[in-house]
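Dear colleague,

My notes on helix packing follow it.

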Amino acid sequence: MLDNVRIILIGTSHPGNIGSAARAMKTMGLSNLVLVDPECEIDGKSVALSAGAGDVLKNHQRFDTLDEAIADCGLVIGASARPRTLDWPMLDPREMGEQAVIEGQKHPIALVFGRENSGLTNEELQKCNFHVFIPANPEYSSLNLAMAVQTLSYEIRMAFLSSKAYPEQVEEYPLADEIEGMFKHLEQTLIDTRFIVPAHPGLVMTKLRRFFNRARPEVVELRMWRGVFSSIQKSLISLQKEEKVAEKNNEIEDKK
């Protein structure tokens, strides 16, 4: 199950942090390190601070975008250093570990960490099914990247060691690229119906993303929604054709 856990670091700017994160992962039995658009390269300092986790560094994967990194993941959890203005389904670290173990039996899961100085952007957080927040001392919540990776990796390992207590996942959830496809389909449908004005979209899609992430549709439900969107689009096309026929008939009548 631990082989299905993917630790994703976005925009990392210090090579030592990559090495320290690799060390934190390996001590907890995790080995799948993914770098997204890093601002530095793995170097001698990375290897030194990995302290024997050079294999994790060597076998890392690299992607240009988060979408590419999570495309085949059925569960994506974003590590958020602070509460955001827009509420999102939240897990505490222990709940996160339990959820990771349950779903990691079925499909790859991703635990996403942001930049050292600014964390994850709102857009990146909206691509996550859940957010996880480490309840550190509010008077001194100075967790660096490797500490955060260590803390959450530990919770996954502890849940894994107690995994007999967790039921096998029955529901089949869609992968991240399927979810993103649904959101694009939904957005286009709302543009077609003129519910969304492209020049002034507002927060409609952000709030709908929050709604669907909170509801967590299963594969069958997601396909049903895609069918609903397609049905609406087909009806719009039929109406547009009828309107064109009516306009042409009116033009003919006017000429008479």
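Predicted model: local features only at pLDDT ≥ 70, side-chain atom pairs only at ≥ 80, totals over all residues.

The crossing of H8 with H9 is right-handed.

On the H8 side, the contact is formed by Glu 180, Met 182, Phe 183, Leu 186, Glu 187 and Leu 190. These residues meet Val 204, Met 205, Leu 208, Arg 209, Phe 212 and Asn 213 of H9. Sorted by class, the contact between H8 and H9 comprises eight nonpolar residues, one polar residue and three charged residues.

Helix H1 (residues 15-27) packs against helix H7 (residues 145-161) at an angle of about 15 degrees, with 8 Å between the axes. H1 is therefore roughly parallel to H7, as the angle is under 35 degrees. H1 and H7 also cross in a right-handed sense.

H1 contributes Asn 17, Ser 20, Ala 21, Ala 24, Met 25 and Thr 27 to this contact. From H7 come Leu 145, Ala 146, Val 149, Gln 150, Ser 153 and Arg 157. The contact of H1 with H7 is made up of six nonpolar, five polar and one charged residue.

Yours sincerely

How values were computed:
Residues numbered from 1 in each chain as written. Heavy atoms only, no water. Axes fitted to C-alpha atoms, helices over the stretch in contact; angles between N-to-C directions. Helix = DSSP H or I, 4+ residues; strand = E, 2+ residues; numbered from the N terminus. Parallel < 35°, antiparallel > 145°, perpendicular 65-115°, else oblique. Left-handed = near helix turned anticlockwise from the far one by under 90°. Contact = heavy atoms within 4.5 Å. Nonpolar A, V, L, I, M, F, W, Y, C, P; charged D, E, K, R; others polar.
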